[in-house]
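I opened the model today to check a few backbone details and the sheet. My notes follow.

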Amino acid sequence: MARGDHYDVVGFDADDTLWKSEDSFREAEQLYVELVSPYAPDGVDVMRSLEAIELDNVSISGYGVKAFALSMVQAAVTATSGAVPSKVLGQIVDHAHDMLMQPVELLPGVPETLAAVGRTHRLVLITKGDLVHQLRKVRTSGLDHHFEHIEVVLDKDADTYRRILAEWHIEPARFAFVGNSVRSDVLPVVEVGGAGIHVPYHITWGHEVVDDHDGGFTELESITDVPAWLAK
């Protein structure tokens, strides 16, 4: 019996699993530091300030470019005690708008992998972030036809996965999920009784990093390894 015979449904994360995402946030952070640092007092780490405010705002504004833009504006004002010029704030907002309009850049082998896995399993997509932006990326990616269900959620914890699997009538033990985040894509799925498959991306947001865990999941080098892992 192949490993894949144990699963009816294979789920996939989107950002940094199917297409590039975190790269654009890192570029925005670099721009933020360049624009804001000249107006911050000596001894203020503008990047650390942004990171702290961004994490603090997650429970208020969630994830995604729009939430990130709000955090950058707030952090710029806070780190400079209001000295940051309106022109700089405008540049930050303009860059965030550009991020929202960036075309989707698929990661290597993604279409072929979805086609291969889709020949043997039902596929679903579960991603978190801003609803409008995420659905736009799914639609314009050309990949939406692969998925039986698509869900954009505020956060990915065990309760969220339980709710979604119950709504879709999927038995957790018959479910495998592929994603780049141990915190969001792997550990919660393992907790509810599914199989977590971690495919690391070369950049990981610090909030998603989990160093202390009990394992219990599969680690693959590339998403293109998923069909062979299921067939083994």
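I looked up His169 and found this residue exposed, with a relative accessible area of 72%. This is a predicted model, so I am reading computed values throughout. Where does His169 sit? I placed it in the loop between helix H7 (158–167) and S4. I then checked the backbone: phi of His169 is near 55 degrees, a positive value in a residue other than glycine. Most residues other than glycine have a negative phi.

Next I turned to Ser81. Its phi is positive too, about 55 degrees, and Ser81 is not a glycine. I found Ser81 in the loop between helix H3 (65–79) and helix H4 (86–101). Is Ser81 buried or exposed? Ser81 is exposed, at a relative accessible area of 66%. The cut-off for exposed is over 50%.

Then I traced the sheet. I read six strands in an open sheet, in the order S3-S2-S1-S4-S5-S6, with parallel pairing. Which strands stand at the edges? They are strand S3 (149–153) and strand S6 (218–219). Each has a single partner strand, so one side of each is left without a neighbour in the sheet.

I looked at one pairing inside this order. Strand S4 (residues 175–179) and strand S5 (residues 195–198) run parallel and are joined by four bridges. I noted Val178 opposite Ile197 in S5.

Last, I checked what packs on the sheet. Helix H6 (residues 131–141) does, touching strand S2 (122–128) and S3. The direction of H6 makes about 150 degrees with that of S3.

Key:
Residues are numbered from 1 along each chain as its sequence is written. This is a predicted model: local features need pLDDT of at least 70, side-chain atom pairs count only at pLDDT 80 or more; totals for chains, interfaces and linings use all residues. Side-chain values use heavy atoms; hydrogens and water are left out. Two strands pair if DSSP finds at least two bridges between them. Helices (H or I, at least four residues) and strands (E, at least two) are DSSP runs, numbered from the N terminus. Contact means heavy atoms within 4.5 Å. Axes are lines fitted to C-alpha atoms, for helices over the stretch in contact, and angles run from 0 to 180 degrees between N-to-C directions. Buried means under 20% relative accessible area, exposed over 50%, partly exposed in between (1.4 Å probe, protein chains only).
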